[in-house]
Amino acid sequence: VQLQASGGGSVQAGESLRLSCQASGRTFSRYVMGWYRQPPGKQREWVASITEGSSTNYVDSVKGRFTITRDNDKNMVYLQLNSLKPEDTAVYFCAAAGNLPELLHSPPSWGQGTQVTVSS
């Protein structure tokens, strides 16, 4: 599956953004989808995931602020980012995998990154 992420930008703390990820292929609904991010000078980290059945999981630092959703009819996955903080500044990547453990440890498919910058 090929992935194309978009929606990043520069915002003030407390504002919101919505990231989008367009996937190619006819079997999108079978994939577990997720978002990762890489802050400046740090390693890439998992942020959120959504299964084929739309069960969601989040890293603790974004719980209650970020929401991951998917639209299987449009082959899209979204990440709504609310109450943004400067520490959310990162390049955000969407990812796809055949199952949740694979998504969490070594997703085989990645989109290009989209930059999110949050200023205080």
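Which residues have the most contacts inside the largest nonpolar core? This is a predicted model, where local features need pLDDT of at least 70 and side-chain atom pairs count only at pLDDT 80 or more, while totals for chains, interfaces and linings use all residues. Residues are numbered from 1 along each chain as its sequence is written, and side-chain values use heavy atoms, with hydrogens and water left out.

**View 1. The largest nonpolar core.** It has 27 residues, and Trp35, Phe66, Ile68, Leu79, Leu81 and Tyr92 have the most contacts inside it. A nonpolar core here is a set of buried Ala, Val, Leu, Ile, Met, Phe, Trp, Tyr and Cys residues joined through side-chain atoms within 4.5 Å; buried means under 20% relative accessible area, exposed over 50%, partly exposed in between (1.4 Å probe, protein chains only).

**View 2. The aromatic cluster.** Tyr36, Phe93 and Trp110 form one cluster. Rings of Phe, Tyr and Trp (its six-membered ring) pair if their centres lie within 6.5 Å; planes under 30 degrees apart count as stacked, over 60 as edge-to-face and the rest as tilted. Tyr36 and Trp110 have ring centres 4.9 Å apart and planes at 65 degrees, so they go edge-to-face. Phe93 and Trp110 are edge-to-face too, with centres 6.3 Å apart and planes at 90 degrees. Tyr36 is buried at 6% relative accessibility, as is Phe93 at 12%, but Trp110 is partly exposed at 32%.

**View 3. Arg44 over two rings.** Its charged end sits over the ring of Phe93, 3.9 Å from the centre, and over that of Trp110, 4.3 Å from the centre. That call needs NZ of Lys or CZ of Arg within 6 Å of the ring centre and within 35 degrees of the ring normal.
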